[in-house]
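Okay, thanks everyone, let me get this up on the screen. I'll talk through one model today, so please have a look at it first.

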Amino acid sequence: MAEIVFGFGTSHGPLLATPPGEWDLRGAVDRRNPELAWGDATYTFDELARARGPQFAPANAPEVRAERSARCQAALDALGREYASAGADALLIIGDDHHEWFMTDIQPAFSLFHGASVLNRALTPEEEERQIANGVGYAMKIYYPPRDEIYACPADLATHMVKHAIADGFDVTACGQQPADAGLARRLGHSFGFIYRRILGDLRPPLIPVMVNTYYPPNQPSPRRCFEFGRALGRAIKAWPGAQRIAVAASGGLTHFVVDEDMDRRLLAAMAARDHDTLTSEPDIHFRSGTSEIKNWIVLAGLLAETSLSMRLLDYVPCYRTEAGTGSGMGFAIWR
Ligand SMILES: [Fe+2]
């Protein structure tokens with residue numbers, strides 16, 4: 001029987017790959033954003049700055065940004081060491097797609113890749129230009145390789161998981177081939193590339209990509225459905241007759257682009273305490289924009305509820321890049 005031996009959750013936002021002296025590159029994008037989601041309302045940048053008051057000036061001081069950036073890098077290094085010591089044979093990553101692999105033509109709520117490999121391809125010059133204009137010029141070098149990389153996938157286990165999830169009440173979308181446009185493969189989402197290229201070092205474990213539509217209306221699954229989907233994934237792994245040791249991870253979050261430390265701490269505490277009611281009863285409207293990626297962690301919490309592993313928070317670091325409190329709440333946790 002396959003065994004779930006290790007879990008981790010990590011943020012993957014661009015500030016994790018951007019020198020703290022350059023965080024204003026992404027701040028400039030926030031200032032142009034007319035739809036900043038916070039709580040159950042939506043703000044322009046100026047409206048948000050007025051609503052939140054002057055409290056974020058100290059957190060934007062260069063020395064504070066530098067200290068918080070260093071804490072994030074230390075936590076990412078620690079995740080790499082923890083992963084390496086777990087001795088896993090394969091890695092399942094729960095990530096959201098950011099219109100990389102899926103576009104507006106089809107956007108599955110939950111999908112699982114069961115092909116033989118995925119390509120994390122190098123960006124085209126045009127894609128690089130767009131990334132730079134979007135303030136993620138540094139991050140794209142972490143998300144995407146300079147030359148194409150291929151990650152093997154355990155097709156037999158993934159196919160079993162699709163069948164098991166369906167028998168278990170989850171009609172998950174089965175994705176057997178990386179989509180392409182005019183012969184150019186669509187990008188493997190940076191939910192996955194960030195973990196392979198920043199956390200795993202030289203390790204290239206077989207990958208099971210699980211994609212959750214956290215972002216795009218109208219079919220984002222609810223927190224409760226995410227949790228239950230995670231439980232179904234956990235049961236599917238445990239029912240696999242192979243002897244593999246499986247690691248599982250969630251990629252993304254926490255609150256962004258408007259940081260909400262209360263929400264981040266509330267949900268991290270609920271995960272650590274296995275307080276599944278708190279986790280699944282957070283109002284769905286709180287999970288919008290980048291903050292929606294916390295749902296990947298909720299899937300993970302459901303999956304790990306099928307094990308006896310317990311969570312340890314490595315660090316929670318609110319990283320601010322403007323006076324309106326935009327940035328990213330960065331979370332790093334392991335389950336052993
Ligand atoms: Fe993301």
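I'll go from the whole chain to the sheet, then to a helix pair, and finish with some backbone details.

First, a word on what we're looking at: this is a predicted model, so local features need pLDDT of at least 70 and side-chain atom pairs count only at pLDDT 80 or more, while totals for chains, interfaces and linings use all residues. Residue numbers start from 1 along each chain as its sequence is written.

The C-alpha trace spans about 55 × 45 × 40 Å along its principal axes. With 336 residues you'd expect a radius of gyration near 20 Å for a compact globule, and the chain's 19 Å agrees with that. That radius is taken over C-alpha atoms, and the rule is 2.2 Å times the number of residues to the power 0.38.

Now the sheet. Eight strands make an open sheet with mixed pairing, and the order is β8-β5-β11-β4-β12-β1-β14-β13. Pairing here takes at least two DSSP bridges between two strands. So which strands stand at the edges? They're β8 (173-175) and β13, each with a single partner strand, so one side of each is left without a neighbour in the sheet. The twist averages 20° from one strand to the next.

At the β8 end, strand β5 (residues 110-113) runs parallel to β8, with three bridges joining them, and Phe113 sits opposite Cys175 in β8. Helix α3 (residues 62-86) touches β1 (3-10), β12 (245-251), β13 and β14, and its direction makes about 150° with that of β13. Helix α7 (residues 190-199) touches β1, β4 (90-96), β11 (207-212) and β12, at about 135° to β4. For the angles, axes are lines fitted to C-alpha atoms, for helices over the stretch in contact, and the values run from 0 to 180 degrees between N-to-C directions. Contact is when C-beta atoms, placed from the backbone, lie within 7 Å.

Leu313 stands opposite Ala333 in β14. These two strands form a hairpin with six residues between them, and Gly325 in the turn has a positive phi of about 80°.

Next, the helix pair. Helices α8 (residues 223-238) and α11 (residues 294-304) pack at about 45°, with their axes 6 Å apart. They are therefore oblique to each other, meaning the angle isn't under 35 degrees (roughly parallel), over 145 (roughly antiparallel) or 65 to 115 (roughly perpendicular). The contact includes Phe227 and Phe229 of α8, and Ile298 and Leu303 of α11.

Notes
Helices (H or I, at least four residues) and strands (E, at least two) are DSSP runs, numbered from the N terminus. Two residues are in contact if their C-beta atoms, placed from the backbone, lie within 7 Å.
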